[in-house]
Amino acid sequence: MNNVLKDKIRRELYKIGYELDDYNINICPDFIDYDLVLFSLSPNSECFIGLGLSYGVNTLEYKLFSRILYGLYDKEKRKVAALPVFDEIGTEGNYIYTVLTVGTSDDNYQTKEYYTPTISRGNPIIVDVGRCYNNDYESYILRRGAFTGWSIGAMGNEHHRYLAKMIKDKELHVQYHLIDEDEEIDELLERLCTYSDCHHNYYTISKKDDKLKSYRNYYYPYGYALYEGWSFIKILRRNYKYLVLLIENGCLEVDSCLIDKLKEEYPQGTHTRSRIDCLEKAAWEYECNKSSEPYDDMDDGFLEDVYRGAFEGDPEAEWNID
């Protein structure tokens, strides 16, 4: 039985470009559940010894080659459910987890994620970008879906439409919390978080000093929105397009009385007034289009060019590189 499974796994890995001549496939004795089989790739002894003599046991090439990599095979679907890129796959209670080492041997850290292999809206991939590794989210490798084994950075460059679709379909949620007004944020991360924040709902803004606060729901019980805890007026000055997107998608409501007060406070022709008008227009359009699908134009516009400004055509935007 194991030899049949090994052959099936080997064929599937060959299809997606794995070179297996130097590796052995091993079926782990404990099945993770009825349909999922845990397997590993380990270097065969001849190549292992050859590399050891060529590179020495302390070199990075030797260490990478000598690592045992773990993956999952779905017997029911007859396909590899998780590519063999992980340092560990196991179970804790009812959850499956994966562990992956990211970075070089001198500067690395491990990511651990709990997930179920069946993609559903109730079990999104949540990428929580830590402050210590603010630039390493692009190295985060997707655990499931059509692009299992791909990093977010590679997806952003080569398959940005699918990355956008994953966020749209609530299969992926990227979160990072900006602490203060002077903090800079990577352009791609800002956009990933901005669209992910449309997964939350927020308390109504009634005063300009009201803070942005999201409801805590069971889909996303941990983590904060990008501007969580910032006052409405502070976000309006820093990134009003963020507020526009939340309003357009029905996630945030700004009291119409506040809009009227702000229009009295800021006359026509000022930058702040033009931003307030954009919020009012977004609220009006949302009311007119409640029955339409949110994110209608996201696949066409979102991440169209990874390295351009977050919001095209806004001359005020500090993040616009053009």
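A: First a term for accessibility: buried means under 20% relative accessible area, exposed means over 50%, and partly exposed lies in between. The model here is predicted.

Q: Where does Lys170 fall, at 29% relative accessibility?

A: Lys170 counts as partly exposed, because its relative accessibility is 29%, which is between the 20% and 50% cut-offs.

Q: Where is Lys170 found?

A: Lys170 is in the loop that runs between α5 (160–168) and β9 (172–175).

Q: What is phi of Lys170?

A: Phi of Lys170 is near 60°, which is a positive value in a residue other than glycine. Most residues other than glycine have a negative phi.

Q: Overall picture, then. How many helices and strands are there in the protein?

A: The protein has 10 helices and nine strands. Of its 322 residues, 46% count as buried. Among contacts with a separation of 6 or more, 55% come from residues 24 or more positions apart.

Q: Let's look at α9. How many residues does α9 have, and how far does α9 reach?

A: Helix α9 has 18 residues. From first C-alpha to last it reaches 26 Å, close to the 26 Å expected at 1.5 Å a residue.

Q: Which residues of α9 are buried?

A: The buried residues of α9 are Arg273, Arg275, Ile276, Leu279 and Ala282.

Q: And what do the buried residues of α9 pack against?

A: They pack against α7 and α8 (256–265).

Q: Take α7 first. At what angle do α7 and α9 pack?

A: Helix α7 (residues 232–248) and helix α9 (residues 271–288) pack at an angle of about 20°, and their axes are 9 Å apart. That makes α7 roughly parallel to α9, since angles under 35 degrees count as roughly parallel.

Q: Is the crossing of α7 and α9 left-handed or right-handed?

A: The crossing of α7 and α9 is left-handed.

Q: Which residues in α7 meet α9?

A: On the α7 side they are Phe232, Leu236, Arg237, Arg238, Tyr240, Leu243, Val244, Ile247 and Glu248. In α9 they meet Thr272, Arg275, Ile276, Cys278, Leu279, Ala282, Ala283, Glu285 and Tyr286. By class, the contact of α7 with α9 has 12 nonpolar, one polar and five charged residues.

Q: Now α8. Are α8 and α9 roughly parallel or antiparallel?

A: The axes of α8 and α9 cross at roughly 155° and come within 10 Å. The two helices are therefore roughly antiparallel to each other, as angles over 145 degrees count as such.

Q: Which residues meet in the contact of α8 with α9?

A: Ile259, Leu262 and Lys263 in α8 meet Arg273, Ile276, Asp277, Leu279 and Glu280 in α9. By class, that contact has four nonpolar, no polar and four charged residues. Helix α8 also passes α9 in a left-handed crossing.

Q: Last one, what about Thr101? Where is its place?

A: Thr101 is in strand β6 (residues 95–103), and at 27% relative accessibility Thr101 counts as partly exposed. Thr101 is 11 residues from Lys112 in sequence and 9.1 Å from Lys112 in space, C-alpha to C-alpha.

Conventions:
Residues are numbered from 1 along each chain as its sequence is written. This is a predicted model: local features need pLDDT of at least 70, side-chain atom pairs count only at pLDDT 80 or more; totals for chains, interfaces and linings use all residues. Side-chain values use heavy atoms; hydrogens and water are left out. Axes are lines fitted to C-alpha atoms, for helices over the stretch in contact, and angles run from 0 to 180 degrees between N-to-C directions. Helices (H or I, at least four residues) and strands (E, at least two) are DSSP runs, numbered from the N terminus. Angles under 35 degrees count as roughly parallel, over 145 as roughly antiparallel, 65 to 115 as roughly perpendicular and the rest as oblique. A crossing is left-handed if the near helix is turned anticlockwise from the far one by less than a right angle, and right-handed if clockwise. Contact means heavy atoms within 4.5 Å. Ala, Val, Leu, Ile, Met, Phe, Trp, Tyr, Cys and Pro count as nonpolar, Asp, Glu, Lys and Arg as charged, and the others, Gly among them, as polar. The expected span of a helix is 1.5 Å times one less than its number of residues. Buried means under 20% relative accessible area, exposed over 50%, partly exposed in between (1.4 Å probe, protein chains only).
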